[in-house]
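Morning, everyone. I have one chain to show you today, and I will keep it quick. Please have a look at the picture first.

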Amino acid sequence: MRFFVDSADIREIRVALDMGCVDGVTTNPSLLAKVGRPLKETILEIAALVEGPISAECISTQAEGMVEEGLALAALHPHVVVKLPMGVEGLKATRALAAKGIKTNVTLVFSPVQALLCAKAGARFVSPFVGRLDDIGQEGMEMVRQTVAIFENYGFATEVLVASVRNPIHVLHAALAGAHVATVPLAVFKQLAEHPLTDIGIERFLVDWAKVPKP
């Protein structure tokens, strides 16, 4: 499974890259708002660091506008993947951009049949939002398992990119489900690397090392 870092903050992305686990980046308008920088400037700076897909999102609500935005975003850098919202207009834009050879990531997906439509339309990635489903009392990861099974049934090339990841358990279950990608905030990346028994083990080694005679 590949890991993308879910951030538009170049400092966070550098930290995740230094951990050696990052295969790509996902951004969205909310993440860009947090850093307070223009989209083009941010995407180009990320692309200079990351050798992998970088999702940049359209904000239009109609297919025609999404396609126009998507063409402009894709022209920024070969690594850019155009992020589109799920829905009738988003599917229309996905199909139009796919026909031009442009990779897309359909976001805000909350059911396996929505994901199926994305794959039919030619999406490169589909992003099920597991955390937001958990928030309303549904099991987000069950949607991932069902989507992976559907794509395997029919041989779709579309990859399942698990989004709205809130904790290490989400990452574990995504990997067990066979998801292709998980996009993870930096805080969760750090949690994945940590364990209390690891910390205890390091402390004990250091205590014992202090007792070893030194030349």
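Strand 2, residues 24-26, and strand 3 pair in the parallel sense, over 2 bridges. Within that pairing, V25 stands opposite I54 in strand 3. Keep in mind that this is a predicted model.

Now turn to the other neighbour of strand 3. Strand 3 is joined to strand 4, residues 80-85, by 4 bridges, and the two run parallel. Here E57 stands opposite K83 in strand 4.

Stay with strand 3 for a moment. Which way do its side chains point? Strand 3 covers residues 54-57; I54 and A56 point one way, S55 and E57 the other. In general, side chains in a regular strand alternate between the two faces of the sheet. Are the four residues of strand 3 buried or exposed? All of them are buried, and that includes E57.

How does the chain get from strand 3 to strand 4? Helix 4, residues 63-74, takes part: strand 3, helix 4 and strand 4 make a β-α-β unit, and that unit is right-handed. Helix 4 lies across both strands, and runs at about 160° to strand 4. Next comes helix 5, residues 88-99, which packs on the sheet and touches strand 4 and strand 5, residues 104-109. The direction of helix 5 makes about 155° with that of strand 4.

How many strands make up the barrel? There are 8, the barrel is closed, and the order is 1-2-3-4-5-6-7-8 with parallel pairing. From one strand to the next, the twist averages 30°.

And where strand 1 meets strand 8? Strand 1, residues 2-6, pairs with strand 8, residues 181-184, in the parallel sense, with 4 bridges. In this pairing V5 stands opposite V184 in strand 8.

Some totals for the chain. The secondary structure comes to 11 helices and 8 strands. The C-alpha trace spans about 75 × 40 × 30 Å along its principal axes. The chain has 215 residues, and 45% of them are buried. Take the contacts with a separation of 6 or more: 57% of these are between residues 24 or more positions apart. The accessible surface is about 11,200 Å², and carbon and sulfur atoms account for 58% of that.

Last topic, the aromatics. The count comes to 5 aromatic pairs. One of them is F151 with F156, and the geometry is edge-to-face, with 5.7 Å centre to centre and 70° between the planes. Another is Y154 with F156, a tilted pair at 6.4 Å centre to centre and 55° between the planes. F151, Y154 and F156 form one aromatic cluster.

F151 has 4% relative accessibility, so F151 counts as buried. F156 has a relative accessible area of 24%, so F156 is partly exposed. Exposed means over 50%. Y154 has 61%, so Y154 counts as exposed.

To recap: a closed barrel of 8 strands with parallel pairing, a right-handed β-α-β unit from strand 3 through helix 4 to strand 4, and an aromatic cluster of F151, Y154 and F156. That is all from me.

Methods. Residues numbered from 1 in each chain as written. Predicted model: local features only at pLDDT ≥ 70, side-chain atom pairs only at ≥ 80, totals over all residues. Heavy atoms only, no water. Buried < 20%, exposed > 50% of the residue type's maximum accessible area, 1.4 Å probe, protein only. Pairing = 2+ DSSP bridges. Right-handed = clockwise from strand over helix to strand, strands pointing away. Axes fitted to C-alpha atoms, helices over the stretch in contact; angles between N-to-C directions. Contact = heavy atoms within 4.5 Å. Areas by Shrake-Rupley, 256 points an atom, 1.4 Å probe, with all protein chains shown as cover. Phe/Tyr/Trp six-rings, centres within 6.5 Å; stacked < 30°, edge-to-face > 60°.
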